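Let's take a friendly walk through this protein model together. Keep the sequence beside the 3D view as you read, and look up each residue as it comes along.

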Amino acid sequence: MTLPPEYFAQQWDGDDDPWRIADRFYERRKRDLVLAALPRERFATALEVGCAAGHLTARLAPCCDALLACDVEPRAVALAAARTDADPGVTVEVRRMPQEWPQGRFDLVVVSEVGYYFGGSDLAALADRAAGCLTSDGVLLACHWRHPAPDYPSSAADVHDALGSTGLTRAAQHAEPDLLLDVWTRAEASVARAEGWL
């Protein structure tokens, strides 16, 4: 079953960084990998699912004209909003996914370190909505911790299998013992071709 909002409320109770996202080298490096995997420099509309305190949000913001970041936990949303307050293109909202999926189309959807909290039909709905809201040249990026986590209903492989079964084309994959990163697209994602080298 999908982890309930109460699970995250307990994690954030009295702790502004329960997973030590701010300072760990692993986390800083992972944010660099996510940014490096994007097949374009700029996106018009982007959605980040599960933004936590907004560390990745702040890195994505300069690449996006409009970025909607969301999380189920109000404390996390407040921290992410404060972290990105200086960027008028960023909106941060409390949303329970996949039930409260936003309207509209996005040319970038990022699902990073959140997919394994979903199980069963919720994971399938997350995958369908992430792929279904993409523009005709949209990009879906997912990055997840690969080690066992007994509390989590799904693994990185489960999440990426679900996202990869939506009919999108895999444009890139980076796999390490610690993490799995995939990029899927609706259209060709050749950076060289986009820049006129092919």
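The paragraphs below go from salt bridges to helix packing and then to some backbone details. Please bear in mind that this is a predicted model.

Let's begin with the charged side chains. The count of salt bridges comes to eleven. Are the two partners buried or exposed? Glu176 counts as buried because its relative accessibility is 14%, under the 20% cut-off. Arg29, at 30% relative accessibility, counts as partly exposed.

Stay with helix 2 for a second bridge. Asp32 forms a salt bridge with Arg59, and their closest N and O atoms are 3.0 Å apart. Asp32 lies in helix 2 and Arg59 in helix 3 (residues 55-60), so this bridge ties together parts that are 27 residues apart in sequence. Asp32 is partly exposed at 42% relative accessibility, and Arg59 is partly exposed too, with a relative accessible area of 35%.

Now turn to the strands. Here Asp182 forms a salt bridge with Arg170, with 2.8 Å between the closest N and O atoms. Because Asp182 lies in strand 7 and Arg170 in strand 6, the pair ties together parts that are twelve residues apart in sequence. Asp182 is buried, with a relative accessible area of 0%, whereas Arg170 counts as partly exposed at 45%. Salt bridges also join up into a network, which links Arg24, Glu27, Lys30 and Glu113.

Next comes helix packing. Two packed helices are described by the angle between their axes and the distance between the axes. For helix 5 (residues 120-132) and helix 6 (residues 156-164), the axes come within 8 Å and cross at roughly 45 degrees. That angle makes helix 5 oblique to helix 6. The crossing of helix 5 and helix 6 is right-handed. Which residues meet there? From helix 5 come Leu123, Ala127 and Ala130, and they meet Asp158, Val159, Ala162 and Leu163 of helix 6. Sorted by type, the residues of this contact are six nonpolar, no polar and one charged.

Finally, a look at the backbone. Most residues other than glycine have a negative phi, and most peptide bonds are trans. Where does this model depart from that pattern? A cis peptide bond, with omega about 0 degrees, joins Met97 and Pro98. Pro98 is found in the loop between strand 3 (90-94) and strand 4 (106-112).

Arg20 is not a glycine, yet its phi is positive, at about 55 degrees. Arg20 sits in the loop between helix 1 (5-12) and helix 2, and at 43% relative accessibility it counts as partly exposed. Ala52, likewise not a glycine, has a positive phi of about 50 degrees. Ala52 is in the loop between strand 1 (43-49) and helix 3, and it counts as buried at 12% relative accessibility.

For a last stop, find Val191 in helix 7 (residues 191-194). Val191 is partly exposed, at 41% relative accessibility. The C-alpha atoms of Val191 and Ala22 are separated by 30 Å, and these residues are 169 apart along the chain.

Conventions:
Residues numbered from 1 in each chain as written. Predicted model: local features only at pLDDT ≥ 70, side-chain atom pairs only at ≥ 80, totals over all residues. Heavy atoms only, no water. Salt bridge = Lys/Arg side-chain N within 4 Å of Asp/Glu carboxyl O. Buried < 20%, exposed > 50% of the residue type's maximum accessible area, 1.4 Å probe, protein only. Helix = DSSP H or I, 4+ residues; strand = E, 2+ residues; numbered from the N terminus. Axes fitted to C-alpha atoms, helices over the stretch in contact; angles between N-to-C directions. Parallel < 35°, antiparallel > 145°, perpendicular 65-115°, else oblique. Left-handed = near helix turned anticlockwise from the far one by under 90°. Contact = heavy atoms within 4.5 Å. Nonpolar A, V, L, I, M, F, W, Y, C, P; charged D, E, K, R; others polar.
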